[in-house]
Amino acid sequence: MFTGLFHDVMVFIQEYIVAFTELFLINLTLSMIIIFMERKKPTSTLLWVFAINFIPIFGFILYLILGQDLSKRKMFQEKKDIDKEIQAFAEHQLELMKSGDYTFDTPYVKEHMDMIEMFNRAEYEVLTEKNHVEILDDGPEKFEKLYQDIKKAKEAVYFQYYIFKSDKLGNRFIELFKEKAREGVEVLILIDGMGARNFRLKDRKALREAGVKVSIFFPGILPRINTHMNFRNHRKIVVIDHEIGYVGGFNVGEEYVNLDSKMGYWRDTHLRIIGPTVNYLQWRFFLDFRFASKEPVGGFQTKIQFSEEGDTSMCIVTSGPDSQTNSIRNGYDKIIMKARKDVYIQTPYFVPDDGLLYSLKIALMSGVKVHIMIPKTRDHPFVHWASLSFLGELLEYGADVYMYTGGFLHSKIVLGDDHLTGMGTANFDIRSFELNFEVNAFMFDKEITKKLVENFHKDVKESIKYTWEDYCNRSRWTKVRESISRLLAPVL
């Protein structure tokens, strides 16, 4: 009896060793795929390697869903080829600036040549001047103005959002799009595959039957199921008649016009622009729509003369997985490092990379006042807890931190002193910097920056201050949640 039991134990041990060895070799192979085939940051790479080894096989499946795609270089080669069409103009503008032959519309903009050159060299983003910019921070006002602009369209409507829902707000625009298409207006709609889950198939069909071209960016296998968490097109761009442009944080859904009882008032920021910058918003839309639709789009038309001249100088800056330079992230870094008095940051998610965190610490140690505002209401708990961890680190250095209580804060703004503004679709987090397709307006304008600083201080009245004492007195359970979320920060 003892001999038989001993034999069974030995057989079990041998089988276990064989199974463990096979599993080890599989995990080692999968780990090597991530390390050598993906050019990730070390912290993110190590996190996924740990996941694969702690959760065998399933960890790699999770990586395929949440991690970088192994074929991204092939997928975005087309974008690099098309971008060459605008490269020559960008290089010519930079040559004029470097030689001193470029005349700046506003003299103090020249003080930020380093920032302008960075955008130009990185992604051929050019400086445009004489733009008229209107700040829209109320959902109902923004969408009513957008609706009326589209209603007046005579030539073209290019409409791109991350989220579009077939609800009360969305249906109003759907009917308008069908009406404009029947009038002969070119209507192109581009919605992200993840954000289109509540964009009904019957509505897409009705739009197409009316003559509207509808494309979905990285659609899922099924309309409401999309396993691709990364490579989401988070941009919100509207161009009307090649003349009026919109860019900012609002999506299309009832919550964005304050009709969601859970989220309450939706505090966001959008821009309405008339001027040469609209050409570059349109160019970005053209590239995205062409990629998503896989078919030639009508002629790309630029507008030379605009009916209304302004005085705002700005660069439209885009970034995403198809970019090597993370230009929006670098633009935020430049604003922080160039500030001499104040830095203001509004963001729903505060998950900076190490470089941005160090820049903020350096600014604080240099006597710059850093003011950061996030929402008290959270829609993504892990991201919120990770945000508190990073904010606690900055509180120790003297940062002012506020939690907005007037509703949900979704505004994405970084301000430096009294004349530098970066705002658009990019949150102050790693996902926006590396994993999403984003678009921001970087403005060199004292009036615009002054207005946004004033709005920040108005929002302070609707906020509670989060202090160093609050952070030190948090519960043990909160500390555990923050530590776990901080560890997951590279993939949140």
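Colleague: What makes D138 a cap for the N-terminal end of α7?

Modeller: The model is a predicted one, and in it a side-chain oxygen of D138 lies 3.2 Å from the backbone nitrogen of E141. A polar contact needs a pair of N or O atoms within 3.5 Å, so the pair qualifies and D138 caps the N-terminal end of α7.

Colleague: How do you know that the span of helix α7 agrees with its number of residues?

Modeller: Helix α7 covers residues 139-151, which is 13 residues. At 1.5 Å a residue it should span 18 Å, and its end C-alpha atoms are 18 Å apart, so the two agree.

Colleague: Which residues of α7 are buried, and why are they said to line one face?

Modeller: They are G139, K142, F143, L146, Y147, D149 and I150. Seen down the axis of α7, these buried residues fall within an arc of 165°, so they line one face of the helix. What they pack against is β1 (127-138), β2 (156-161), α8 (168-182), β5 (237-240), β6 (244-248) and β7 (266-274).

Colleague: Why is β7 called largely enclosed?

Modeller: Because 9 of the 9 residues of β7 are buried, the rest of the structure largely encloses this strand. W266, D268, H270, R272 and I274 point one way, while R267, T269, L271 and I273 point the other way, and all are buried.

Colleague: What makes β1, β6 and β13 pairing partners of β7?

Modeller: Two strands pair if there are at least two bridges between them. β1 is joined to β7 by 6 bridges in the antiparallel sense, with R272 as the bridge partner of E134. β6 and β7 are also antiparallel, over 5 bridges, and here G248 stands opposite H270. Strand β13 (residues 408-409) runs parallel to β7 and is joined to it by 2 bridges; F408 is the bridge partner of W266.

Colleague: Is T269 buried or exposed, and how do you know?

Modeller: T269 lies in strand β7. Its relative accessibility is 2% and the cut-off for buried is under 20%, so T269 counts as buried.

Colleague: Which side chains make polar contacts with that of T269?

Modeller: One is R267, at 3.2 Å, and another is S411, at 2.6 Å. Leaving out residues up to four places away in sequence, T269 touches several residues, among them I135, L136, D137, M423 and L452.

Colleague: Why is β12 described as largely enclosed?

Modeller: Strand β12 (residues 400-404) has 5 of its 5 residues buried, so the rest of the structure largely encloses it. D400, Y402 and Y404 point one way, V401 and M403 the other.

Colleague: Which strands pair with β12, and in what sense?

Modeller: Strand β11 (residues 369-375) runs parallel to β12, with 5 bridges between them, and I372 stands opposite V401. Strand β18 (residues 463-466) is antiparallel to β12, with 4 bridges, and Y402 stands opposite K465. β11, helix α13 (residues 381-395) and β12 also make a right-handed β-α-β unit.

Colleague: What makes K461 exposed?

Modeller: Its relative accessibility is 73% and the cut-off for exposed is over 50%, so K461 counts as exposed. K461 lies in the loop between α15 (446-460) and β18. The C-alpha atoms of K461 and G406 are separated by 9.0 Å, though these residues are 55 residues apart along the chain.

Technical notes:
Residues are numbered from 1 along each chain as its sequence is written. This is a predicted model: local features need pLDDT of at least 70, side-chain atom pairs count only at pLDDT 80 or more; totals for chains, interfaces and linings use all residues. Side-chain values use heavy atoms; hydrogens and water are left out. The expected span of a helix is 1.5 Å times one less than its number of residues. Buried means under 20% relative accessible area, exposed over 50%, partly exposed in between (1.4 Å probe, protein chains only). The arc is that of the directions from the helix axis to the C-beta atoms. Contact means heavy atoms within 4.5 Å. A polar contact is a pair of N or O atoms within 3.5 Å; within protein, one must be able to donate a hydrogen and the other to accept it, and residues adjacent in sequence count only if both atoms are side-chain atoms. A crossover is right-handed if, with the strands pointing away from the viewer, the path from the first strand over the helix to the second runs clockwise.
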